Amino acid sequence: MKKAFPILAALTALFLAYAFYEAMFVAPTDALQGDVYRIIYYHVPSAWTAFLLFFINFIASVQYLANAKPSTQRAAKWIVIAIGIAGAIAPFIPQVKQMLPPGMYPSSVATTALIIVGLYFLIGKFFPGQSLDVLAVTTAEVGVVFCTIVLVTGPIWARPVWGIWWAPGDIRLTSTLVLWLIYVSYLVLRRFSDSAQTQKLAAVLAVFGALDVPLVYFSIWFFRTQHPQPVIGGGGSMDPRMLNVLLISWMAFLCFAFLVCWARYRLEQLRREVEEAEALESLREPGAPSAQTSKAKVPLSRGPQ
Amino acid sequence: MRSFWSITMATLTKDIRLEWRSKDALNAMLFFSLLVVVIFVFSFDPLAEESRHIVGGLIWVAFLFAAVVALNQTWARELRNQVLDAYRVSPAPANALFVAKVLGNFIFVSLLEALMAPLFVIFYNLRVLGPAWQLMPVALLGTWALVVNGTFFAAMSVRTRSRELMLPLLLFPVSIPAVISMVAATTSILTGEDSAHFYIVLLLTYDVVFTTACLGLFDTVLQAE
Amino acid sequence: MTNPPTVPTGVPFIVIEGLIKQFDRFAALRGVTAEFDAGKVHVILGDNGAGKTTLLRTLAGLAHPTRGTVSVLGKNPHDACRDIGYMAHPSLLYDEMSGLENLRYFARLYDIAGDSRCEQVIRSVGLDPELSRPVGKYSQGMRQRMSLARAILHDPKILLLDEPFSNVDVHSAREMVGLLKGMRDAGKSIFVVTHQATLLEGVADEFVWMQAGQIVDRTHHLAPEITRAEQP
């Protein structure tokens, strides 16, 4: 890590600078919003990065819980494969295709399903045992940082353009807020828990959070159809040049996120190694007696020697 | 299966009996609920035009506060004298204990709601303009949503510092879709302006999803040291 | 670390292999390896912090090993729970219920029907089943005895007792020891963690000495120095 990290850091800094240049100077000015809209090149990539990190956390948490017993581990693998197959084939069946919400293409559903399966097995392969939990902590923390950026840039963008700081009916912003709340509570649980099984409890909370997000989405979606609300960020399609810059910006953010996660991951690994070593040393007195002589040296409870 | 329900019923009746014996706590909770309603009445003017539209939200926020105070006591008796260890060491299934606690909390919180709701009707001069019978499934499903997750997170909080703070901290984010649904449904029914049908279905979905999740994961939480 | 001398004979009932129990920066058990035979009274001794309680809790299935294995009757402690009875320093009873009400509830957890077993067990520890006083108002001696009653309610093969004589009057303590002797003679295996080893001198089959998270010795007798040191 000592060699690779500084090189990658420098490259990422360059990439971010390039993305900044593209966002501020190259991308065309928006017809309606003027130059204020450029905040989108930070707002949206942060959101996508945060969602990706939280998604990885969810998969790592599920695997961590499933790996507790060999039987559940096997069952989980088969369920994931089943989801992948179903997700890849189902959207193309006409009856299912009709039920998809407008704007959602069957190919994107299929790709998402396959990505889920791919991520599950990749993560399982490269992060065995306890490192799954280290990955979970890392992605949760870095994810919260990026999510905070989304929640700060959102209102900053909304105020000059739409005249309001916040719209409760805005699906994306509100779902992001709930996701942020869930993961902050996740981090608080990790910090405040005295349990020896903190890692399992946190993983349980991550699963609950993941189950919650689609329900949040639907509840706000219906609320919005009943009470029409301004949509921050607008809908509809985007100028291809803007989309191009957006993707460049996202790539730069991903590199940055990867770097930060890598550093945090190593930090957590080292911390755990130190803790373990300290624990095994903790009860040893200086000049530790060996087993044979301990009979003579065991103090107090054996009475005066 | 029969022993599961026998253990659940034994635990539930034990809890009710103990709650009844120490009526102090029960009375204090009832009085607390009354106070919450009164605070709301003084904060949100009942005669204002807008109150009719926000009273759905007020009622559920009041229920939420009362529920959290009740939920924090869920495991208190089991923690004194470490009785929870006795349960863990027995062959009794963890979910039997969980279901008993959820049912106990459900009964208790429903009792508090039954006290608070008429007070709201009185103080806010409420008339139900929509289909009043729909308030029943909303109340039942909504209370179950709060209580099932609340009991689960109360068990998780047992192993943390600042136990009473951890419960709402964990419960509120996850409860947001349920709260949105409860409030929107209640407002729709009270004002008669929209249909509460979608929200009732969403609440039902929420309850099914999270009851399943709780039953699947409670053993992990109980066995945590 | 060489293995401490094992007490001979019998089929190993409980097998512990390389048990490590770590709480963050503190290791309560640092590599315990031992085998215990059935039908004996094992008294576990050592300083505070030696790991005695943690060892007992691991045998009961209440603490999960960080590394290593514990096998009770060839199974995971949690799977062997019907054969394990556990008594701790807290009473593990509901203060607001009477002794019989407490035992009735725990009997349901073990699928034991009817009151007769509960009443029999309460009498066997020298208490009155009819007593309606809530357990919270018992004296310490009575509470420990009722706690023992709860532990033996389901007639387990193995008893794990953590400081059963703590703050107990001499009379109650002697009665409890007599009860333990009877149970050992009936074929039960009993593990007792205590600071009052002399109480069990006539009854114990072996003394297990722990220090710094490990078993450092296993003997048939208490050294004479201790007997003298513990006398008032």
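Tutor: Before we start: a helix crossing is left-handed if the near helix is turned anticlockwise from the far one by less than a right angle, and right-handed if clockwise. This is a predicted model, in which local features need pLDDT of at least 70 and side-chain atom pairs pLDDT 80 or more, while totals for chains, interfaces and linings use all residues. Residues are numbered from 1 along each chain as its sequence is written, and chains are lettered from A and ligands numbered from 1 in the order written.

Student: Which way does α6(A) pass α7(A), left-handed or right-handed?

Tutor: Helices (H or I, at least four residues) and strands (E, at least two) are DSSP runs numbered from the N terminus. Here α6 covers residues 131-162 of chain A and α7 residues 171-192, and their axes come within 9 Å and cross at roughly 145°. Those axes are lines fitted to C-alpha atoms, for helices over the stretch in contact, with angles from 0 to 180 degrees between N-to-C directions. The crossing of this pair is left-handed.

Student: How many residues of the contact of α6(A) with α7(A) are nonpolar?

Tutor: Contact means C-beta atoms, placed from the backbone, within 7 Å; A:V144 and A:C147 are among the α6(A) residues here, and A:W180 and A:Y183 are among those from α7(A). Ala, Val, Leu, Ile, Met, Phe, Trp, Tyr, Cys and Pro count as nonpolar, Asp, Glu, Lys and Arg as charged, and the others, Gly among them, as polar. So sorted, the contact has two charged, four polar and, for your count, 14 nonpolar.

Student: What is the angle between α2 and α5 of chain A?

Tutor: These helices span residues 40-66 and 106-126, with axes 10 Å apart. Their crossing is right-handed, and A:I56 of α2(A) and A:L119 of α5(A) are among the residues that meet. The angle is about 65°.

Student: Which element gives the largest share of the side of chain C that touches chain B?

Tutor: That contact takes 24 residues from chain C and 22 from chain B. β5 (84-87) and α2 (99-109) of chain C each supply at least two residues of the chain C side. The largest share, four residues, comes from α2(C).

Student: Is C:E119 buried or exposed, or in between?

Tutor: C:E119 sits in helix α3 (residues 116-124) of chain C. Buried takes 20 or more other C-beta atoms within 10 Å, exposed 12 or fewer, and partly exposed lies in between, with C-beta atoms placed from the backbone. C:E119 has 17 such neighbours inside 10 Å, so it counts as partly exposed.

Methods:
Contact = placed C-beta atoms within 7 Å.
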